[in-house]
Structures are given as C-alpha cells and as structure tokens.
Amino acid sequence: MSALVTLGLRLARAGGPLRAWSVALGNAFGAFLVLLTFALPEALYPDPARRADVRVNLVASLLFLVVPAVVLLVTVGRLSSGVRDRRLAALRMIGVTPVRVRVVAAVENGVLAAGGAVAGAVLFLVAAPPVGAAVSRGPGWLKAPLTLPPGTVALVTVAIVILSVVLGTAATWQRELPTAGRSESTRRAPSPWRLVVLAGGARLLVVVDRLDSTAAREATLMLLLVVGVLVTAVGIAIMTPLVTGWVADALLARRPSVGITLAARSMQSDAVGASRVVAGLGVAVFLITGGLGFMGFIAHLPHLRAADLAYGTGPQQIIITASSGGGAVPAAALDGVANLSFDGRSSCS
Amino acid sequence: MSDLVLEGRRLRHSFGRTRVLDDVDLAVRAGEIVAVMGPSGSGKSTLLHLLAGLLRPDAGEVWLAGERFDTLSERRRSERRLAELGFVFQFGDLVPELTVEENVELPLRLMGVHARAARARASVMLERLGVVEHASKRLGEVSGGQAQRAAVARALVHTPPVILADEPTGALDTTTGELVLEAFVHAAREQGTAVVLVTHELRVASWATRDVLLRDGRIVGGSAAPSSGPSEPLAEVAP
Ligand SMILES: Nc1ncnc2c1ncn2[C@@H]1O[C@H](COP(=O)(O)OP(=O)(O)O)[C@@H](O)[C@H]1O
Ligand SMILES: [Mg+2]
C-alpha cells in the first residue's frame, strides 16, 4: 500500500507545475463556488416559508452556479493528464491490478485536489462573511449573514475532493488494457446505437407531454417526467463521443491541412474517452437545469402562481375591486372574515 | 509434461476482421530460451500479449504454471503477471518520472519488498546490464539503449519464472545486446527462468535453445514444443 501512495505522490510531484497549480486552483475556486451556492439561499431568503416558495427557481439558478464549478473540476483534472494516463497504463502492463492503479491515480489527483479545496474552504470562511455584510449594507440583496456552519463547510470540502478524484481518475474506468505503444490509436469508434438512449428519453418526454394530467395520474406523470429527463440526460452525455467522431470524420473527408488532420485524428482516437462522456454530462446538466429554470420561471408568473394556489393548497388570493366612485375598500371592512390576511396593497384608478 | 511453465494452446486472435493469430501452439519449459521469429506483422507481439494475459484470445487457452490463465479475472491476471512474469516491451514503457533505479525496483516495491532490499536487488541487475552508473538518472537523461537495458533489468529483478521479451535488443548495438542476452541466459541457467524472446535477428535467435517461426499468424517452422532431450543454450556455438 505504501508503495502505491509513494508512487502517487511521486507522480503528483513529477506531473509538472502547470498541472499541479491548475488542479489546486481549480479545486479552490470550485470549492468556493459550491460553498457560496450552499450559503446563498439562506442569506437571500432567511424566511423558510418564502424560501420554500421560490424553491424551484433557487435550485435551478444555483445549479447554474454549480455546473461551471463541475466543468472546471473536470477540465483541470484532465489537464495534461494524457501523460499521466500513459503512466498508469504502463503500470497495468507490468501487472498492477486495476484497483491499485486507481489508488495511485487517486493519490496523485487527491493530494492536489485536497490542497486546493481546503484553500477554497478557508477562503470562504474568511472572506464570505465580511463580503456578505458589505453587500447587505450596500445594495442590500442579502437579508442574512453569508455563512455556513463549519460542519457543512467540511462536508462540502470533502465532497469536492471526492468528486474531483472520481473525475480525475476517469481514465482508469476503462476496463480493457491498451497494449504497449498502441494505447491511443486503437480505441474503437463509438457506435450509433448510443442515439437510441436519447431517442428513448425524448420519446418518453413527448408521451408525458401528451398525457392528460388529471390529478389521479399526477404521481405517475411525475415519475415518467423524471425518468424521461434522466434518460435524456444520459442520452445527451453518451451521444457526445458520437458527435465528436462525426465532426472528426467530416473534417477528414475534405483532405484538410496537416494541423486539422492532427486535430481530427486525435479527436477520433479518444472519442470514447471518459473525459468526453463527463463533458457530455456537463452539457446535459446544463440543458436540464436551464429547462428547470425556465419551467420554474413560468410556474411563478403571477397569474399561474395564483391559479396554482387556488387549485392546490392555497392560500387563495382574492382581489377585491370596488365599483367606480366608491374609493378604496378600507382594510377594516374585512376584519371580520376568518383566516384572512391583507397584503395591504390598494390602488385607485 | 509437468515442467511446462507457460503454454498457449490453439491460440486465435483477431483485431477487427483481421485474423492475426490462427491456431498457434507454444509450450515453454523451465530453463528454456525460445526465440519467436518471423517477419514484421506476423503476430509475434500479439502472441506475447496473449501469453502475458494483456489480451484475451478469441479462442484457445493460456496456461501458466499448470493453471488456466486467460480466463482469470482482470485482477487475478494482474497479480500473477506482476509476480510470475517479467515483460520487456517492444515500445519503451518505463515510467519517465521515475529514475532508472526506481523503475527497476518498482515490481519489487509493488510486491511489498522493503525499500532497502529492493534498492540493493535493483543495483545488482543494473550492474549486470551495464547501466548502474545511470541508476539515479531520470529516463529523459539516458539513451534509448540504456533505457531498454533498464527495462530488461526491471523484467528480471524479481526473478519471475517466465520472461517475455519483445525485441529486447532492438535498440542495442552488438555489445550491449549481448549483455542483455547474457542476462537472459544467466536467469535461465541459475534460476530456471523460461524466456520467450521475440526477434527477427538470426544473431539473437542463435542464443536460444529452440526457435519458432511465425508467418501470417501461423507457426510455419521451428519446434513449438520442447524436445525431450537436454536443452543447451546455443550461445557457445553461435558465430
Ligand atoms: N491493437 C491493434 N489493433 C489492430 N491491429 C493490430 C493491433 N495490434 C497489432 N495489429 C495488427 O496485427 C498484426 C500483427 O501485429 P504484431 O503482433 O505487432 O506483429 P509483429 O510483432 O510480428 O510485428 C499486424 O498486421 C498489425 O497491424
Ligand atoms: Mg512486434
């Protein structure tokens, strides 16, 4: 075990300052961003009821913040990792088991990621409260201190490191062993069957859209919707290598310059690489959170919101308009009605 | 025969639609040096990769030390490869971030040998192959031939019962090439190591106790099975 750790540390050190710094900084920034994302809802809406009210919007917009963080983690983890991946393949060749190779890769990536993530967390703990206070005093967007309990910070930091290690060791997911010297150039082209998943997911979404949404069916409908969205997301993710392959083929078909030929060939050779699938997943998450955000936006348009409340759990909103010439209805006139709250708005026109 | 250490039976392998090996048999006994010869592209490297469990055959069987090898799990094959096989690859595959001696001691360290003992053993091998003065250099600071000899040292360092060497003298001049071949002969004589040596040079093949000729994925000459008589390396009678 200690030999594996030593080897991992050795590779981390030898991987070059560019890789070390970018993994560390990427994780620092990623951790900071994610912690901010977790802290913002409470700071924006200290009142839990109000927070529940805008939940969909909040989740969607915060996911929008998190997606760049994930993409960042993927990018830095894969940066100049080609050389490292070849090292790991070389270890496999002399008989290091897949699990042990993964340990080496995890140590290599993990020390760099952990250093960065801890720095990001410290930065958040130190910098976020004063910045939040300044924002409250200034534009006043934040209604409560911008901070998180230390336990949450620690948990998020650990999660970031784990995520980073998982993404950074993506190359070791590949089960089959590249034979010496031929590793990069023999990967098979992705099969068009990958499209079936996307088609299936899209079809499911169309079906859901066409179904009558009577109340009795609502749970089934919700389930179908979620499954449809998930299948579509996976479909988009695994389609990315296919599109990459098509683009490469299209580029090569026109007898391009040497530069473009090189680029296209390298796209082909790593077409099914895990990093591309992960990148595709990023695109999928992005699209889906975008869709969610849009749906949340629609659902919270005032008239739809009112209709929803009236149809569902309430409270119901009643707008009382006095006949012309009568003037505004005095609030006191409604005092006798039970369970009524008056939002105080009145207007004359 | 009970002293067969490595055996390929009716091995067949294709890359895509191209049949690269077709019903190849090869049995190797302890202490033998078998030269696998054949023109470029005849499937020599593929045969070694199958024997080492780096590739799985489409059909046929690989037996290592009397046990079926090719059907083992990835993990078990890896473990046995580390402990029982030494592989010298045609294309350099040492870890460039490590020094020469760190590369050589790697199999021992991975097998749990203590650092100091591993270092001592690595020095002995580097000495034998004439690269001990480059022990603490990174791979980028040594020549291709020195790196290749380091790769041979790494394959031999943990005294595995089987060595598979793919053109191990490809980048070497006659003198250093002989250092490598002498190291193989030494291992075969002293430790009973079985050596499978891929080469296209007759000069190299003359060091073997037996040779096998491969063409278009089929064995077309030589002897695929060990003879029953005593085997003597031909080095002494070689030109
Ligand atoms: N990974 C691979 N993918 C596709 N074809 C391969 C691969 N490896 C080898 N080949 C083909 O298999 C044949 C035998 O290759 P190889 O075993 O390397 O021959 P040798 O080592 O005898 O020169 C060659 O025609 C080569 O093009
Ligand atoms: Mg070859």
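What follows is a working chat about a predicted model of a complex with chains A and B.

Colleague: What scores does the predictor give the complex?
Modeller: This is a predicted model, and the predictor gives the complex an ipTM of 0.80 together with a pTM of 0.70.

Colleague: And chain A, how many helices and strands are there?
Modeller: Chain A has 12 helices and 0 strands, and going from the N terminus its elements read α-α-α-α-α-α-α-α-α-α-α-α.

Colleague: How much of it counts as buried?
Modeller: Of the 349 residues in chain A, 32% count as buried. Among the contacts of chain A with a separation of 6 or more, 79% come from residues 24 or more positions apart.

Colleague: Why would residues three or four places apart point the same way?
Modeller: An α-helix has 3.6 residues a turn, so residues at that spacing point the same way.

Colleague: Switching to the interface, how many residues are in contact?
Modeller: On the side of chain B there are 21 residues in contact with 18 residues of chain A. The elements of chain B that give two or more residues to that side are helix H2 (74-84), strand E6 (85-88) and helix H3 (100-110).

Colleague: Which of them gives the most?
Modeller: H2(B) does, with 6 residues on the side of chain B that touches chain A. By class, that side of chain B has 11 nonpolar, 3 polar and 7 charged residues.

Colleague: And chain B on its own, what are its helices, strands and buried share?
Modeller: Chain B has 7 helices and 10 strands, and buried residues make up 50% of its 239 residues. Residues 24 or more positions apart account for 70% of the chain B contacts with a separation of 6 or more.

Colleague: What is the mean pLDDT of chain B, and where is the pLDDT below 50?
Modeller: The mean pLDDT of chain B is 88, with 92% of its residues reaching 70 or more. The pLDDT is below 50 over residues 233-239 of chain B, a stretch that has 12 contacts in the model beyond near neighbours in sequence.

Technical notes: Residues numbered from 1 in each chain as written. Chains lettered and ligands numbered in written order. Predicted model: local features only at pLDDT ≥ 70, side-chain atom pairs only at ≥ 80, totals over all residues. Helix = DSSP H or I, 4+ residues; strand = E, 2+ residues; numbered from the N terminus. Buried ≥ 20, exposed ≤ 12 C-beta atoms within 10 Å, placed from the backbone. Contact = placed C-beta atoms within 7 Å. Nonpolar A, V, L, I, M, F, W, Y, C, P; charged D, E, K, R; others polar. pLDDT = per-residue confidence, 0-100.
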